[in-house]
Amino acid sequence: MNRRRRWAAGVAVAATLLTVSATAAAQVIKSPAQAAADSAPPPPSVLSAPVERRVLKDSVILRGTVTAEQSVQVTPTAAGEAAGRLVVTKTPVAAGASFEAGKVLLEVSGRPLIALQGGLPVYRDLRPGMRGDDVAQLQKALSRLGHSTAGDRKGHFGTGTKDALTGLYADLGYEPLPATREGEATLSDARDAVTEAERGLQDARDALAGAEDGDKGPARQVTRAEEDLSRARRTLADVQEASGPMLPVSEVVFLQGFPARLESLPVAVGAEVSDKALTVTAGDLVVSGVLKPHQKDLVRVGQRVEILSEITGDRYPAEVVSVADGVTPQGGGDGADSAAEPGYTMVVEPDGELDSGLAGQGVRLTVEAASTDHEVLAVPVSAVSAGVDGRTTLQVLNEDGTRRRVPVTTKATGDGWVEVRPERGRLAEGDRVVTGAGPDRADGAAE
């Protein structure tokens, strides 16, 4: 009896244990469908923010390149009537070196290229007798170098300018080219003509003194001889004015200020040149960069800028002096991004002088507290999306919870917000726009 009871009790305990194990297994082991359902995220809620009118404010940071105010590329040409090959015969200034006015930068086929001060680019050979602003510029440049043009009116290439130009070439160790091909031969012929006319007049006067009364022939000869002498003297004056030294366009480069800098010299002595032989820069150093389209409306002339040389760590206070109205086809700033994207050229001028060693280097520009100059319609940056068609859109929540797409053009950004302008459709202050992911219950058509 005791044995039978013990067996029954054991069977009951085993049944109980099996029941508990089955229940536990049922809680651990799930069907694939149930497992997928249990692991799915909860339905997302829609995040939204109101459209606001606000002044966008932010610091704009971009790359810039330190350049001089003026950059000139020089391509040698034949001077005057010179012919033959254009060969570099001297390179008096090394690439990267600074130089002053009156310096010979390059010698090509024995002829100099002279740097002079002036803001008007040379566009013609300057010859005796010429008049113009370019002549006045030459006179001023010569006077600065100690070669007076006294006696000549301003802008008239006369005797004083000839003497000054001849003096400059002599100081540099060269002979100036003659203004006319015949040169001294023509002048000599004109002088001989005057001498012959003077003798003819003297002979006519002698004949008149020995003539009998009533003989009008000698008197006519005197009158004619006087006319001949007058013409000869006028011809001599014209020849004298046109003769003398000239300044060929190929032998001078005018630069705004000095010291200037020879930026590049891609030729060597003995090389034949047919293209750019050198590049020179002059004027104060400035920094140019390229604003991306969304930055342009945040930057205006007069805003403060910090220039940072990442090589030396030096910082320079500066000011925006110009922002281009039109888009530059290809970025001109330093760095891959600015070189690949179009944008708006911005020029920054330092409060003081930049270290000359920064010329040609890339720097970082920070436009401090750049802002829109008035309130604009703005949304959080996260509300803007770009579709596969390239259009930029917002999803605006309707009162019934549905959404409508509004194509927009984005402008300035700042403080995590972006200025938007609807291309079509309604968008007003107070509208709520979707800023986070959620089930797409949009109408399906953009307004």
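**Reading contacts, cores and hairpins**

Biologist: Which residues does Val-135 touch, once residues up to four places away in sequence are not counted?

Modeller: A contact here means heavy atoms within 4.5 Å, and on that basis Val-135 touches Arg-124, Leu-126, Met-130, Gly-155, His-156 and Phe-157. This is a predicted model, in which local features need pLDDT of at least 70 and side-chain atom pairs count only at pLDDT 80 or more, while totals for chains, interfaces and linings use all residues. Residues are numbered from 1 along each chain as its sequence is written, and side-chain values use heavy atoms, with hydrogens and water left out.

Biologist: Where does Val-135 lie, and is Val-135 buried or exposed?

Modeller: Helices (H or I, at least four residues) and strands (E, at least two) are DSSP runs numbered from the N terminus, and Val-135 belongs to helix H3, residues 133-144. Buried means under 20% relative accessible area, exposed over 50%, and partly exposed in between, with a 1.4 Å probe and protein chains only; Val-135 counts as buried because its relative accessibility is 0%. The C-alpha atom of Val-135 is separated by 6.4 Å from that of Phe-157, although the two residues are 22 apart along the chain.

Biologist: What does the side chain of Gln-70 reach?

Modeller: The side chain of Gln-70, a residue of strand E3 (residues 57-74), reaches the backbone nitrogen of Gln-256 at 2.7 Å. Gln-70 is buried, since its relative accessible area is 13%, and beyond its neighbours within four places in sequence, its contacts include Phe-254, Leu-255, Val-280 and Thr-281.

Biologist: How many residues are in the largest nonpolar core?

Modeller: A nonpolar core is a set of buried Ala, Val, Leu, Ile, Met, Phe, Trp, Tyr and Cys residues joined through side-chain atoms within 4.5 Å; the largest has 30 residues, and Ile-307, Met-346 and Leu-365 have the most contacts inside it. Among the elements that give two or more residues to this core are E3, strand E10 (278-291) and strand E13 (344-350). A second, separate core of 23 residues includes Val-74, Val-253, Phe-258 and Val-273.

Biologist: How many bridges join strands E16 and E17?

Modeller: Two strands pair if DSSP finds at least two bridges between them, and two bridges join E16 (residues 385-386) to E17 (residues 392-397), which run antiparallel, with Ser-385 opposite Thr-393. The pair forms a hairpin with five residues between the strands, and Gly-390 in the turn has a positive phi of about 85°. E17 also pairs in the antiparallel sense with strand E18 (residues 403-414) over five bridges, Leu-397 having Arg-403 as its bridge partner.

Conventions
A polar contact is a pair of N or O atoms within 3.5 Å; within protein, one must be able to donate a hydrogen and the other to accept it, and residues adjacent in sequence count only if both atoms are side-chain atoms.
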